[in-house]
Amino acid sequence: MEKWPIGVFAGVDAGLGVKLEVARELGIRTVQLHAPRRESRTPQRAKDFLTKLDELGIRITVVFGGFEGESYADIPAVIETVGLVPPATRAARTREMKEIADFARLLGVDAVGLHLGFVPHDAGDSMYGDIIAVTRELCDHCEKLDQNVHLETGQEPADLLLKFIGDVDCDNLFVNFDPANMILYGCGEPIAALKKVGKYVRSVHCKDARWAKNPGKEWGAETPLGEGDVGMENFLRALAEIGYFGPLTIEREIPQEPKRQKAEIGRGMKLLHELKARMG
Ligand code: MG
């Protein structure tokens with residue numbers, strides 16, 4: 001396989017990710033896919049979708065789950081609403097995440113990803129054990145589908161993520177490393193974090209961000225690739241160091257401005273091509 005193929009986060013429903021046609025226009029051949037809404041997750045739709053992907057020459061590497069009611073407005077909103085952590089929606093969302101994995105299987109995709117939510121930073125917290133259990137339940141379901149589960153990074157520091165993965169203790173649990181999230185959530189310097197969790201990294205987001213004045217208390221600011229504090233060259237060097245040469249999936253979530261989104265992704269691709277060329 002090509003070293004570091006450039007990819008993009010794509011979607012089929014309105015709202016998230018670029019349209020597949022846009023990915024094609026940009027010359028992108030590998031995407032991560034935001035899971036389509038429930039009504040689109042049927043065997044027939046999967047079949048139609050595969051035909052379309054074939055026509056476009058695009059391959060899906062990871063299907064990402066997301067849930068109604070999630071808000072990324074600020075850090076407290078994320079704690080309250082995101083992923084499998086909030087107790088009120090946990091059972092329903094776990095069921096839905098399994099359905100998303102089933103749909104990904106129909107698409108022939110062997111990895112699903114998600115923001116698990118804010119895992120309690122104190123392992124003594126009674127919720128910690130509950131989150132371990134629900135993650136194991138999801139991993140077991142995916143194991144039967146011959147799939148891996150990729151946890152999106154950012155909401156916990158690298159050491160906590162390592163401890164959590166060790167405590168879940170499932171062979172198919174890995175990491176989707178998003179360097180910008182480490183900055184946005186104030187969870188640690190991304191390059192150092194990447195090296196720590198390196199052996200678990202099976203997919204990445206190429207996203208950039210600037211640190212907040214008070215990291216961890218307020219949001220940092222997401223920026224176009226190369227304009228933030230990640231340092232994309234160092235990011236790629238660290239990826240080479242940990243032995244990751246899979247897709248570089250650009251994530252730029254400004255779907256309300258599709259023109260700007262496409263232009264910025266185009267510039268991000270150019271930057272990644274230049275860095276790849278320079279690094280041989
Ligand atoms: Mg991400």
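Author: Glu152 is buried, and Asp178 is buried as well; buried means under 20% relative accessible area, exposed over 50%, and partly exposed in between, with a 1.4 Å probe and protein chains only. This is a predicted model, in which local features need pLDDT of at least 70, side-chain atom pairs count only at pLDDT 80 or more, and totals for chains, interfaces and linings use all residues. Residues are numbered from 1 along each chain as its sequence is written, and side-chain values use heavy atoms, with hydrogens and water left out.

The magnesium ion is coordinated at 2.0 to 2.2 Å by Glu152 (OE), Asp178 (OD), His205 (ND1) and Glu251 (OE). Donors are N, O and S atoms within 2.8 Å of the metal (3.2 Å for Na, K and Ca); water is not among the atoms, so sites may look incomplete. Along the chain, the donors of the magnesium ion follow the spacing E-x25-D-x26-H-x45-E. Glu152 in strand E5 (residues 148-152) and Asp178, in the loop between strand E6 (173-177) and helix H7 (179-184), are 26 residues apart and link distant parts of the chain. Helices (H or I, at least four residues) and strands (E, at least two) are DSSP runs, numbered from the N terminus.

As for packing, the axes of helix H9 (residues 232-242) and helix H10 (residues 258-279) come within 10 Å and cross at roughly 55°. Axes are lines fitted to C-alpha atoms, for helices over the stretch in contact, and angles run from 0 to 180 degrees between N-to-C directions. The contact (heavy atoms within 4.5 Å) involves residues including Leu236 of H9 and Leu272 of H10.
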